[in-house]
Amino acid sequence: MTAEIIDGKVIAAELRARVADEVARVKREHNLVPGLAVVLVGNDPASEVYVRSKRTQTQAAGMTSFEHKLPADVSQADLLALVAKLNRDPAVHGILVQLPLPKGLNTEAVINAIDPAKDVDGLHPNNAGRLAGGFEALSPCTPLGCIILTKSVHASLEGMNAIVLGRSNLVGRPLVQLLLNENATVTIAHSRSRDLPDLVKRADLVYAAVGKAEMVRGDWLKPGATVIDIGITRIPKEDGKTRLVGDVAYQEALGVAGAITPVPGGVGQMTVACLLVNTLRAACAIAGLPKPAV
Ligand SMILES: Nc1nc(=O)c2c([nH]1)NC[C@@H]1CN(c3ccc(C(=O)N[C@@H](CCC(=O)O)C(=O)O)cc3)C=[N+]21
C-alpha cells in the first residue's frame, strides 16, 4: 500500500483562484481593493524567498502588495512607528511582520501594536483569545491551510483522534483550536512529552510541527493515518546542494500512512494562499461588507 499524496500545490492554486474571483467581485461591486503589507526586518535569504512569493501571489489575486524592508538594526521605536502608520493607512487591510525578528527587538510588543482587524497572521492576543474562546477570529494561516488539506481527504473530522506535535503560537496552539472547532479529539504533544511514538500510534490525524527533520518515523504511524507535515528544514546533500525535508520521514511514512503531504509542495503552499484569504476577509470586515465566499 502506498499513501495518497495530498497535493498542496493544486489545492492552493484552487483556493487562490477562488480568492481572485472574490477580489474581482468586491472591486466591481464595492470599489474595494484589498491590500497586504509585509514587513521584513533584516535580510535572511529564506525570509526573502517567502516574502517574494507572497508579493507575486498577492498581486496575481488582484490585491495590492506593500513591502517594507527594514535593516536588522532598526530600533524598536522605528518598527513600532511603521506598524502604527500601516494601522492608519486605509489602503492596507492586512499587516504581516515576518518572524522571527532579529535579536534585540521585542516581538510581543510588535504583535500587540498591530490593529487586530488587520492582523492577518492571527497572532494578536485579541485574535488568539477569540479563537481559543470559539469566537470568530482571524486565524493563523498555516493551521488554516492544514485544516483545508485534511478536509481534502476527510469530509468530516468529527470524533477523529488528532495529535498535534508542537505548541508554538504560530502553528501548534491555533491548530489545536481549529481541530476542536471541527470536533476532533485532540492530543497536544511537545518536547517534554513521554512515549511520543505510542501517542502518535493512536492518531488518525498526525500534524507534525516541531522543526526537527524527519523526526516522526514510519513505524510510529497508525496504518492508514492522514499525515500533515508542517516542518520545513533545509539539509545539505552529498553534491553540496541542499534539499527541503519535513518533520516526517517521508519515504517510510508513504508505506504506512493513508494520505500524506509532501515537503515542499504541501503545507507551505497553503500558508501563502490562506494569507490571501485572511487579507480578503479583513478587507471586507473593515469595509463593513458581508463575509466573502472564501
Ligand atoms: N509572521 C510570519 N508568518 C508566517 O506565516 C511566516 C513567518 N512569519 N515566518 C516564516 C514562516 C515560513 N513560512 C512559509 C511560507 C511559505 C512556504 C512555502 O511556500 N514553501 C514551499 C517551498 C518553498 C521553498 O522551496 O523554499 C513549499 O513548501 O512548497 C514555506 C514557509 C511562513 N512563515
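Which residues are the closest to the ligand? The model is predicted; local features require pLDDT of at least 70 and side-chain atom pairs pLDDT 80 or more, while totals for chains, interfaces and linings use all residues. Residues are numbered from 1 along each chain as its sequence is written.

**View 1. The shell around the ligand.** The ligand is surrounded by 20 residues, each with its C-beta atom, placed from the backbone, within 6 Å of it. Tyr50, Leu99, Pro264, Gly268 and Thr271 are the closest. By class, 11 are nonpolar, 8 polar and 1 charged (Ala, Val, Leu, Ile, Met, Phe, Trp, Tyr, Cys and Pro count as nonpolar, Asp, Glu, Lys and Arg as charged, and the others, Gly among them, as polar).

**View 2. The ligand between two domains.** Domain 1 (31-117) and domain 2 (141-269) both give residues to the shell, so the ligand lies between them; the domain bounds come from an automatic or database assignment. H10 gives the most to this shell, with 4 residues.

View 3. Helix H2 comprises residues 45-60; helices are DSSP runs (H or I) of at least four residues and strands (E) of at least two, numbered from the N terminus. Lys54, Gln57 and Thr58 are buried (20 or more other C-beta atoms within 10 Å of the residue's own; exposed means 12 or fewer, partly exposed in between, with C-beta atoms placed from the backbone). On the other side of H2, Pro45, Val49, Thr56 and Gln59 are exposed. Just after H2, glycine 62 takes a positive phi of about 90°.

Technical notes. The expected span of a helix is 1.5 Å times one less than its number of residues.
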